[in-house]
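Reader: I am new to this structure and would like to understand the words used for it. Could we go through some of them together?

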Amino acid sequence: VHLPGESRTLEMLLQLPALLPALLLRPTPAPSRAAPPCAAAAADWSRLVEGAPREANLAALEELSAAGAASLWKSAKVSPRPVSLGELSRTTKIPEAALDPTATEYSLQDIQDTFVKVVVGCTVGAVAWAAGSDALGLDAGLRFTGTYLLAGVPIGILAIGSTAPGILFLPIEAFKKATADEEARRGALQRVCKHEASHLLCAYVLGLPV
């Protein structure tokens, strides 16, 4: 008794030895793997906590980098090399005068001229005070005090300029900020923000947690 399809099955079994070498030599297709879930989505940025230990934040950033969520972390390496002032200016699009470490905003001639004007002005002021207070019949102690205070201004400027010259420019900078227009103030604020942000960016790409 032959079951339906029995002859067809028997025929296939008889042909199996001849087909076996071809089956063995056929390359096995690579198993299809489902796309892994996005590792960046599983990354936990909340592990970065301000005030946490440095080691904890560093480990969290390393895990985020390995997961692909922090691709810029430790992506740059420092390779110091000598550069010219011109190359630095062309790369950063900043004028050479602003990058030159030896350049100053105020020239030495300007500082000398200002000091001479202060000396002459204080001298004239002291003489005028002495003569005017004497003509008005003011107290001798008051005349003496006012004269010596005016005459002591150049000495005070010389003393400050010899120890901390930057203090002398604070009034000038304050005056410039007070008289600057809105566009200049906005530009100065943006420049400060970019400068501070560049510190954070450089530390981040170099692998230095801030």
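This is a predicted model: local features need pLDDT of at least 70, side-chain atom pairs count only at pLDDT 80 or more; totals for chains, interfaces and linings use all residues.

Reader: Why is the pair of D134 and R143 called a salt bridge?

Author: The rule asks for a side-chain nitrogen of Lys or Arg within 4 Å of a carboxyl oxygen of Asp or Glu. For D134 and R143 the closest N and O atoms are 3.8 Å apart, so the pair meets that cut-off. R143 has a relative accessibility of 22% and therefore counts as partly exposed.

Reader: How many salt bridges does this rule give?

Author: The count comes to three. One of them joins E62 and K74, with 2.6 Å between the closest N and O atoms.

Reader: Why can the pair of E62 and K74 be said to tie parts together?

Author: E62 sits in helix 3 (residues 54–67), while K74 belongs to the loop between helix 3 and helix 4 (85–92), so the pair links parts that are 12 residues apart in sequence. E62 is partly exposed at a relative accessible area of 32%, and K74 is partly exposed at 45%.

Reader: Let us turn to the largest pocket. How much space lies in it?

Author: About 410 Å³. The pocket is lined by 14 residues, and those closest to its centre are I111, T114, I157, L168 and F169.

Reader: Which helices supply at least two residues each to the lining of the largest pocket?

Author: They are helix 6 (108–135) and helix 7 (140–163). Helix 6 gives the most, with six residues.

Reader: How do the residues of that lining divide into nonpolar, polar and charged?

Author: The lining of the largest pocket has 10 nonpolar residues, three polar ones and one charged one. Ile, Leu and Phe are among the types that count as nonpolar, so I111, I157, L168 and F169, which line the pocket, get that label.

Definitions and conventions:
Residues are numbered from 1 along each chain as its sequence is written. Side-chain values use heavy atoms; hydrogens and water are left out. On a 1 Å grid over the protein atoms alone, a cavity is a set of points where a 1.4 Å probe fits but cannot get out, and a pocket is an open set with protein on both sides within 12 Å along at least five of seven lines; lining residues have an atom within 4 Å of a point. Grid points are joined across faces, edges and corners, and a volume is the space filled by probe spheres set on the points. Helices (H or I, at least four residues) and strands (E, at least two) are DSSP runs, numbered from the N terminus. Buried means under 20% relative accessible area, exposed over 50%, partly exposed in between (1.4 Å probe, protein chains only).
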